[in-house]
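Take a look at the model below.

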Amino acid sequence: MRNVEREVDTVFVPGVQHQRYHVPRKFPSVLLAILAVVLTVVAWAALSVRRIPNETLPTASGASLARVHSIAYTLPEATVDGLFVRKDQPGDQPRRIASFPYALNFHARGRAAPTGDRLAVLSIADLSTAAARLSVVDAVSGELREAAGLYDYTSEIAWSGDGSRIAVVRSKPADGTGRTAATVFEIAAASGAGTPIARFDDVFVVAPVGYAADGQRLFVAVIDSSGSTLWAARAGKLEKVALLSPGRTRDWTLSPGGARMAYIEVLGNGEGGSSGKVVLTATGAITSSGIAGAQLGVAWDPRTGVAQFGGPGGTLQLSSPSATESYVVPLAWSPDGTSLVAAVCNRPAEATASCVQTIEVATAERRLRIADEAGIGFAGWVLNAE
């Protein structure tokens with residue numbers, strides 16, 4: 001694999017001096033002319049810039065956060081998906097820490113724990129049902145433990161803040177309308193044992209998003225015939241947090257302390273675009289980004305508590321895109337907020353084709369492509385090996 005370092009004057013990261021991904025400071029003048037929209041924009045700014053007073057940020061020490069500066073990712077090979085780890089520095093050589101067999105287009109999908117010491121990986125086990133094995137991998141040694149049971153290959157993966165538990169979904173085959181019954185399981189990372197903690201019937205999508213700061217509540221986004229709803233599962237009980245949208249939503253992402261969740265609302269059937277929003281998990285109050293244009297992907301800046309949205313109309317934009325670059329989709333900031341991993345959408349050669357994405361990491365000084373090969377899957381930020 002060859003690493004590609006970009007020129008210093010082509011990329012910006014918001015919140016970093018001399019930044020290379022930038023956040024537009026001006027809203028469209030038409031919006032500013034409308035008082036109601038102005039009030040919405042002001043509310044959004046107040047919510048984004050200030051942390052919620054009781055929001056607990058990650059408890060790891062500064063030294064520990066500084067050690068979480070390696071990137072974990074998957075790459076498809078001839079018969080397996082390799083799970084690799086490399087530092088976010090030019091010239092660093094990736095280490096293969098595990099391999100997972102794949103079939104057809106069902107490639108391994110992973111997510112790192114907030115502590116950076118482990119990864120949870122879903123890999124296909126049964127093509128007939130799209131069931132997957134869940135593996136817990138040590139990010140440094142590569143030691144692997146398989147969890148008991150099979151889960152949905154497409155399931156979102158949510159970690160508790162201390163890295164001790166993983167939430168995933170197991171669902172029944174969908175009926176002719178696409179509805180299913182889905183159960184959220186909590187997996188003990190150390191033993192691999194699973195416990196059902198919530199069940200949802202007649203739903204299209206069930207997605208565990210993440211845990212509250214105290215580790216007691218698990219937030220779950222659910223899409224059914226009534227729209228998109230955020231629920232909190234705790235001690236065998238479900239509590240409705242908020243109606244997120246009368247339609248579909250995606251890209252649900254908790255803030256570092258769990259007091260807020262950012263997400264993308266899909267407008268209409270996708271033809272109306274998509275809009276970034278933030279919900280307070282304590283009250284269910286929702287605010288909109290107030291920015292026109294399609295938005296895709298979201299990542300919370302851990303230093304400022306601001307949710308950055310990507311896409312053609314996002315708050316995160318390429319300041320000096322090349323002739324082929326179109327827009328950026330943020331994936332995750334490093335825990336100390338100095339590096340951002342993002343997918344850059346490159347215009348395809350044919351006008352009718354979808355964009356071709358490259359996964360890159362940007363800092364105040366540089367922009368670095370993680371790997372040249374196609375099919376890379378970002379799995380998260382993990383501990384440096386030394």
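Buried means under 20% relative accessible area, exposed means over 50%, and partly exposed lies in between, with a 1.4 Å probe and protein chains only. This is a predicted model, in which local features need pLDDT of at least 70 and side-chain atom pairs count only at pLDDT 80 or more, while totals for chains, interfaces and linings use all residues. Residues are numbered from 1 along each chain as its sequence is written, and side-chain values use heavy atoms, with hydrogens and water left out.

Start with the whole chain. The protein has three helices and 30 strands. Helices (H or I, at least four residues) and strands (E, at least two) are DSSP runs, numbered from the N terminus. Of the 386 residues, 48% are buried. The accessible surface is about 17,300 Å², and carbon and sulfur atoms hold 54% of that surface. Such areas come from the Shrake-Rupley method with a 1.4 Å probe; for residues, only the protein chains shown count as cover. Among contacts (heavy atoms within 4.5 Å) with a separation of 6 or more, 45% join residues 24 or more positions apart.

Now the sheets. Two strands pair if DSSP finds at least two bridges between them. Strand 3 and strand 4 (residues 80–87) run antiparallel and are joined by seven bridges. Ile-71 stands opposite Arg-86 of strand 4.

Another open sheet of four strands runs 19-20-21-22, again with antiparallel pairing. Strand 19 (249–254) and strand 22 (286–288) each have a single partner strand, so one side of each is left without a neighbour in the sheet. The twist from one strand to the next averages 25°. Strand 21 (residues 274–280) pairs with strand 22 over three bridges, in the antiparallel sense. Val-279 has Ile-286 in strand 22 as its bridge partner.

The structure holds one disulfide, a pair of cysteine sulfur atoms within 2.5 Å. Cys-345 is joined to Cys-355, with S to S at 2.4 Å. Cys-345 sits in strand 27 (residues 340–346) and Cys-355 in the loop between strand 27 and strand 28 (356–362), so the bond ties together parts 10 residues apart in sequence. Cys-345 is buried because its relative accessibility is 3%. Cys-355, at 25%, counts as partly exposed.

Last, the backbone. Most residues other than glycine have a negative phi. Ala-130 is not a glycine, yet its phi is positive, about 55°. Ala-130 is in the loop between strand 7 (118–126) and strand 8 (131–138), and is partly exposed at 28% relative accessibility. Asp-202 also has a positive phi of about 55°. Asp-202 lies in strand 14 (residues 194–203) and is exposed, at 52% relative accessibility.

Note on methods. Axes are lines fitted to C-alpha atoms, for helices over the stretch in contact, and angles run from 0 to 180 degrees between N-to-C directions.
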